Every structure is written in structure tokens, then in C-alpha cells.
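Hi everyone, thanks for coming. Let me put the structure up, and then we'll walk through a few spots together.

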Amino acid sequence: MAAPGKLRGLYAITDSALLADGKLLPYVEAALAGGARLLQYRDKSSDDARRLREAEALRTLCENYDATLIINDDAELAARLGVGLHLGQEDGSLAAARALLGRQAIIGGTCHAQLALAELAASEGASYAAFGRFFNSMTKPGAPAATLDLLSAAKARVQLPIVAIGGIDLHNAAPLIEHGASMIAVIHALFAADSPAEVEQRARAFSALFESN
Ligand SMILES: Cc1ncc(COP(=O)(O)OP(=O)(O)O)c(N)n1
Ligand SMILES: Cc1nc(C(=O)O)sc1CCOP(=O)(O)O
Ligand SMILES: [Mg+2]
């Protein structure tokens, strides 16, 4: 099981378009320097060699900052690297992933806006439940919408740390934490930046929201 404290704070997620042209490693390092606790490698391409290379480099960066690497969608890659995994509803079984990756791995599940999915995820061995999208998302505009009330209900009913995702930025994040999110997962408002310094500044500001809540 994940150590307490690992599953609280900023959860940075990579984006192949925003982090093209050599930006992946410097921008991710800036997010980690700014306090991101989890980093998800989200790359939808089928270039397995590049995906392995990039994921290995991200694992090293995460180790340097005592953060946790999570692979999106790909249980085999997560097993090969000995890191965590995030699975959506169409991405395979959480229970099978738990059996493959072992007790210590952080494994998250997408629960959209449905408490029942989070209860199922908990029963299948997930480490966290992700709800979203909370706001209009540049990255995934079609995702089903979730509300603050859902977060409060999840906090009361679901025995897992809660991740909030979808259109989160520095202006709208605080209420999500106040309503029970222990992590906020961010792509665009973190990585659509002009420089690593800007990413680090944003990551620090997101991380600071957890100190006052
Ligand atoms: C933390 C977190 N929450 C939700 C998702 C979305 O997962 P999924 O529904 O499988 O969609 P894709 O990201 O695979 O397009 C996520 N990746 N991370
Ligand atoms: C990958 C993803 N999943 C979502 C869901 O609701 O399940 S929203 C989303 C995109 C998150 O990126 P941004 O911070 O740019 O909105
Ligand atoms: Mg998925």
C-alpha cells in the first residue's frame, strides 16, 4: 500500500502535444521541483520504443524528487518499469493490474462522476479514485461532468484517496481540495507554459493550496 502522504498534492500529467520538441524532461523536472507528488506519463502513441525510453527517463526524474511515476493505460509498461498505473473504464481490470503489479504499486481508476465506480475500484484494489471532469477541459472536452457535491459524497462514502481532474487551474482548484480531493490532476494549466521556470512557479502555487487546506 502507498505510504501516507504520497497521495496528497499536485498530480502532474504529461501531454504529448504540449511537451513535444524536447520539452518533456525539462518541463516535467520543473513540475517535480515545484512539488508535484505524482507524475502520470500519458502518451497515446504506439511508438513502444520511444514510450519505454521516455518512461524510463521519467522514472529516474521521479526518483530524484521522491515522487511516484504512474503509467497511463499500459499495465505491461508499468510492470516492466516497476511503477504505478492509471486505468480508465475501458483500459482493463484493476484487480488484474493489482495482481500483476503487487501490493505496493499505486494503481488509480477513473470513476467519472459515479460513486458506484469508486466503490467497485476500492473493492478491486485501487489506491485512489479519480473523479472528473470538474471544469471545461482543453485536453479532454468530452469527458462527463462531475460536481463539488459528488466530491463531498465520495469523501463520506468511498474508502480511497480522491483525485479531481478536468479543467483545473489555479483559480478553481481550492474548492476541490476543500470538498475532499486529496490530489488535483492537471495537464493544461500546468504544462501549457512558455518555460520550465513558469511550470515550476505554477507547480509551487498548486502545491501551496494543500498547505492551507
Ligand atoms: C488521474 C487521472 N484521472 C482520470 C484519467 C482519465 O483516464 P481515462 O478515462 O482512461 O482516459 P485517458 O486518460 O486514458 O484518455 C487519467 N488519465 N488520470
Ligand atoms: C485525461 C483526463 N481525464 C479526464 C476525466 O474527466 O476523466 S479530464 C482529463 C484531461 C485533464 O487535462 P486538463 O487539466 O488539461 O483539463
Ligand atoms: Mg485510459
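Are Tyr11 and Tyr128 buried or exposed? Tyr11 is buried, and Tyr128 is buried too; buried means under 20% relative accessible area, exposed over 50%, partly exposed in between, with a 1.4 Å probe and protein chains only.

Quick housekeeping: this is a predicted model, where local features need pLDDT of at least 70, side-chain atom pairs count only at pLDDT 80 or more, and totals for chains, interfaces and linings use all residues. Residues are numbered from 1 along each chain as its sequence is written, chains are lettered from A and ligands numbered from 1 in the order in which they are written, and side-chain values use heavy atoms, with hydrogens and water left out.

Back to the tyrosines. Searching the whole structure turns up 1 aromatic pair (Phe, Tyr and Trp rings, the six-membered one for Trp, with centres within 6.5 Å; planes under 30 degrees apart are stacked, over 60 edge-to-face, the rest tilted). The Tyr11 and Tyr128 ring centres sit 5.8 Å apart with planes at 85 degrees, so we call it edge-to-face. Tyr11 is in strand S1 and Tyr128 in strand S6, 117 residues apart (strands are DSSP E runs of at least two residues, helices H or I runs of at least four, numbered from the N terminus).

Now Ser182, in the loop between helix H7 and strand S8. At 14% relative accessibility, Ser182 counts as buried. Its contacts beyond four places in sequence include Leu7, Pro161 and Phe210, contact being heavy atoms within 4.5 Å.
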